[in-house]
Amino acid sequence: MAKPLPESEFILNADGSLYHLNLLPGQVAETVIAVGDPERVGKISRHFDSLEVQVQKREFVTHTGTYKGKRLSVISTGMGTDNVEIFMTELDALFNVDFRTRLPKETATRLTIVRLGTSGSMLPTLPEDSILASSYGLGLDTLMTFYTLPQHPEERIVAQHTKERLDLPFLPYCVKGSEELLARFGDLPQGITVTCPGFYGPQGRHIRLAPGIPDILSKLSSIRVEAGVFSNFEMETAGYYAMGRLLGHDMLSLNAIVGNRITKRFSKNPKALIESLISLALEKI
């Protein structure tokens with residue numbers, strides 16, 4: 001017989017809301033748009049027909065409302081897969097844990113979660129101002145060291161090739177995005193998105209500190225796998241895909257390509273690019 005989750009593990013605030021997200025069951029829709037930047041939440045929810053929930057705690061900002069008759073939530077997470085792990089765990093708990101009994105529900109709710117974020121291209125054929133759907137997320141962080149992640153053979157091949165090519169002391173993880181959501185955005189270019197545990201050194205940038213893998217771009221671009229090509233850098237996608245698989249949710253990451261690391265070019269109007277991404281996502285979600 002299952003035991004209730006202890007107060008020290010499943011932490012609720014004085015009002016009964018979740019510790020980090022500060023949300024109660026019923027305040028979030030089953031379709032969620034996730035963003036890193038808290039300011040981007042309002043840029044999306046201003047398109048809503050109505051707004052019923054506005055909650056903020058730390059970097060986690062939540063707006064829930066309706067868009068063309070469909071209930072949607074937009075939630076910001078901040079940067080990095082550590083925040084993604086908190087977000088995905090607590091978001092899942094809002095639907096799949098009974099707050100009164102502190103027990104997991106017998107029937108789980110499957111959520112649809114679409115990440116909208118900015119990213120840097122590592123392909124000369126993927127210029128700035130493009131929008132890309134992540135077919136796979138490759139995690140160069142160690143988050144999945146602390147979970148047991150089931151992976152398909154092609155995912156393990158991508159991870160192993162990356163470990164060997166970069167001479168990493170740990171095995172990365174690789175997870176495919178939702179087949180159904182990838183098909184829904186099938187007119188977009190797709191690629192393997194590389195999720196890094198930082199913006200500068202882990203992505204090969206040299207400001208004052210020299211990166212430990214200075215040629216990471218060329219090394220990744222030289223890897224050949226059937227799953228596709230390594231297309232872009234960012235800091236969350238693989239964490240979303242891995243947590244989505246573990247928790248049983250449909251997950252897709254859509255990337256606004258603001259810069260190209262090969263051509264050294266950066267978008268002249270990133271705000272317009274992000275607005276295009278928002279409009280595209282709202283119409284197809």
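Here is a quick report on the overall build and on some charged pairs.

## Ground rules

This is a predicted model, where local features need pLDDT of at least 70 and side-chain atom pairs count only at pLDDT 80 or more, while totals for chains, interfaces and linings use all residues. Residues are numbered from 1 along each chain as its sequence is written, and side-chain values use heavy atoms, with hydrogens and water left out.

## Overall build

The chain has seven helices and 13 strands (DSSP runs, H or I of at least four residues for helices and E of at least two for strands, numbered from the N terminus). Buried residues make up 53% of the 285 residues; buried means under 20% relative accessible area, exposed over 50%, and partly exposed in between, with a 1.4 Å probe and protein chains only.

## Salt bridges

There are twelve salt bridges, each a side-chain nitrogen of Lys or Arg within 4 Å of a carboxyl oxygen of Asp or Glu. One of them joins glutamate 234 and arginine 115, at 3.3 Å from N to O. Glutamate 234 sits in strand S11 and arginine 115 in strand S7, so this pair ties together parts 119 residues apart in sequence. Glutamate 234 is buried at 4%, and arginine 115 is buried at 4% too.

Arginine 265 pairs up with glutamate 128, with their closest N and O atoms 2.9 Å apart. Here arginine 265 is partly exposed at 47%, whereas glutamate 128 is buried at 14%.
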